[in-house]
Amino acid sequence: MPDVELQGVRKVYAGGVVAIEGLDLKIEDGELLALLGPSGCGKSTLLRLCAGLETLTAGDIRIGGRVVNGLEPGERDIAMVFQNYALYPHMTVRQNLAYGLKNRRTPGPEIDRRIAEAARILQIEELLDRQPRQLSGGQRQRVAMGRAIVREPQVFLYDEPLSNLDAKLRAHARLELKKLQQTLGTTSLYVTHDQVEAMTMADRLVVMNAGVAQQVGRPMEVYARPETAFVAGFIGSPAMNFTAGTLGADRRSVALAGTTVALGTMVQGEAGSAVTLGIRPEHLLPTRADGQDAIGVLEVALVEPLGADLLVHGRLFDETETSTVRLPGSADARRGDVIPLAVNPADLHVFDAASGRRLHTIDEDRKAAA
Amino acid sequence: MIERTPILDVLTHVLLVLCIALVLLPVYLAFVAATLPVGAVNSAPMPWLPGDQLFANLATAWQREDLGRQLFNSMVMASGIAFGKISISILSAFAITYFNFPFRKTAFALIFVSLMLPVEVRIVPTYEVTANALTPFIWLIETVTGGMVDIRLRWNLLNTYEGLILPLIASATATFLFRQFFMTIPDELAEAAKIDSATPLRFFFDILLPLSRTNIAALAVIMFIFGWNQYLWPLLVTTEENMNTIVIGLNRMMPSMDAIPEWNVVMAGALIALTPPVLVILFLQRWFLKGLVDSEK
């Protein structure tokens, strides 16, 4: 299985809209790389560039070492799964699967063999003679997968393949897809706006915003050490709490409105500069009222019981922004309660207020250097 | 909007029946006239109930003008026009919708403008070209060479089926309808076909054409009837009797000043003339409605 390499990829649409701003990326052999980002961040454009459905403004795309810039989509040895599946409505499932193979003049017995194989893997054998309109959403999704599998391509391209399914089916299809990916081991590029999908499916993920790759890394790495405030706010649900503050003179603490939070270790950045302090809702822990470790007191304004968890919203550090805390479902909190909260200093994230970049701790830097 | 009020139900049904009666009454009168002997048809008022002369009148009409030959001519012309219009307009709609070429919008605008130029408006130049299909080329060569070259070439389309069909087979309406239909087909379908290594023509024949079949059927009905009803153009372009279409034949049956006004025979001829379009509609009705009402996805 080959890798996919993007070098200096840039896409400017007619009319001057910059969709992708110079991007370098390498999808390793057999890896599933997820492109994650809000709508309009350029993730779909990137996928379509790889597919050959859009033309590059600058840069190179290599699949298995071969530059594919000028090649037609059909010549790139890729398969794509569309968000709306794009099954040919007037053809049976079998014809849908066979169409690409016929166009590539695959011999008949080989087509039959591949269709039988794909149908077995996806358990759509009984559906082969039906038309797409006679299928349910989940079945259509599997047929769309089948159309990609029978091609036996070098690369799979997924364009939000699960977002047309309802929530329950999506969770199921996600597992199926992950299993399938582990069986086939095909190099894949997976576009999604759903962070759960990206976190669970991907070997590595790319968080994109406004045409720029904000961070590339393993899912847990991106969660634990987001490189920018954007990534920090995008990954994790409920989203990270942000508070404006000033970096202390010793660079070991952040001064917030009315309180100071110790960082436990020294961070980079300029003493006295404006920073953003980020704390994930799951890292704020209730403590005793007279606790030495309390960093603040949350005034409960709104409670959301989710069953396993209890989300509590309220004011923590300042008057303007509300913070969210994730408590166990068994916890008892009501509107008007005050909850003293503590946090493990290792779970604090500090970002430069102007650039949004993470201020690394000295430890992190040493690790990175080593 | 679905309303369930008895009064409205009655009202809409009364309206429907009235409209149907309004449309069918002339047809009924033509039928009655075709069954009467010549005396009865010219009495005033004409009887409202059919007589017993239908087959005799039909036979007379059939023999008086060469209706068999004319039916055949009309059939060839109407089918040719329907087929030609659909082939040309579906291909131009395909080009306009799926390809990005210079002056694409101009091309579409020109097609659209041609809606305003029916046969009647351009009949003189069209006749001239039909009389000698090489006229434009001769004009071009003579203009380019500044009149140095004198060409005498002739390709006469008068009194031919090509002459009847070709000038009428461009259709802005059909092009526009196909374009609108193609625009409702999701782009992903074309993209999926591209990834499936389909060439544009493969995509057209394997995917676009099967998806368009209800629209094609609907247009075929409309265009066939359009072709069948042509009067002015066949009148100009056919001078030999064996090339006449049935509409012209019908006109020639009209009683002249000093002959016996045999309206019963004329109406029998009219019945013959309207049978093929009615059959076409009856057979294609299901498709026709589908194509107009829903877009099968």
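Student: In which loop of chain A is A:Asp77 found?

Tutor: A:Asp77 is in the loop between strand 5 (66-67) and strand 6 of chain A. Strands are DSSP runs of E with at least two residues, helices are DSSP runs of H or I with at least four, and both are numbered from the N terminus. This is a predicted model, in which local features need pLDDT of at least 70 and side-chain atom pairs count only at pLDDT 80 or more, while totals for chains, interfaces and linings use all residues; side-chain values use heavy atoms, without hydrogens and water. Residues are numbered from 1 along each chain as its sequence is written, and chains are lettered from A and ligands numbered from 1 in the order in which they are written.

Student: Why is A:Asp77 called partly exposed?

Tutor: Buried means under 20% relative accessible area, exposed means over 50%, and partly exposed is in between, for a 1.4 Å probe and protein chains only. The relative accessibility of A:Asp77 is 22%, so the residue counts as partly exposed. A:Glu152, in the loop between helix 4 and strand 7 (155-159) of chain A, is also partly exposed, at 45%.

Student: What marks the phi of A:Asp77 and of A:Glu152?

Tutor: Most residues other than glycine have a negative phi, and most peptide bonds are trans. Phi of A:Asp77 is positive, near 60°, and phi of A:Glu152 is positive, near 45°.

Student: What makes strand 9 of chain A mostly covered?

Tutor: Five of the six residues of strand 9 (204-209) are buried. For chain A as a whole, 50% of the 370 residues count as buried.

Student: How do you know which strands pair with strand 9 of chain A?

Tutor: Two strands pair if DSSP finds at least two bridges between them. Strand 3 (32-36) is joined to strand 9 by four bridges and runs parallel to it, with A:Val206 as the bridge partner of A:Leu35. Strand 10 (212-217) is joined to strand 9 by five bridges, in antiparallel fashion, and A:Gly217 is the bridge partner of A:Leu205. Both counts meet the criterion, so strand 9 pairs with strand 3 and with strand 10. In the hairpin of strands 9 and 10, with two residues between the strands, A:Ala210 takes a positive phi near 50°.

Student: What makes strand 13 and strand 20 of chain A edge strands?

Tutor: The open sheet has five strands in the order 13-12-11-14-20, with antiparallel pairing. Strand 13 (259-262) and strand 20 (349-352) each pair on one side only, and are the edge strands. Within the sheet, strand 11 (241-247) and strand 14 (274-279) are antiparallel and share six bridges, one of which pairs A:Phe242 with A:Gly278.

Student: Why are helix 10 and helix 11 of chain B called roughly antiparallel?

Tutor: Axes are lines fitted to C-alpha atoms, for helices over the stretch in contact, and angles run from 0 to 180 degrees between N-to-C directions. Angles under 35 degrees count as roughly parallel, over 145 as roughly antiparallel, 65 to 115 as roughly perpendicular, and the rest as oblique. The two axes come within 11 Å and cross at roughly 150°; helix 10 and helix 11 of chain B are therefore roughly antiparallel.

Student: How do you know that helix 10 and helix 11 of chain B meet, and what classes of residue take part?

Tutor: Contact means heavy atoms within 4.5 Å. B:Leu189, B:Ala190 and B:Ala193 in helix 10 meet B:Phe203, B:Ile207 and B:Leu211 in helix 11. This contact has six nonpolar, no polar and no charged residues, where Ala, Val, Leu, Ile, Met, Phe, Trp, Tyr, Cys and Pro count as nonpolar, Asp, Glu, Lys and Arg as charged, and the others, Gly among them, as polar. The buried residues of helix 10 (187-195) include B:Glu191 and B:Ile195.
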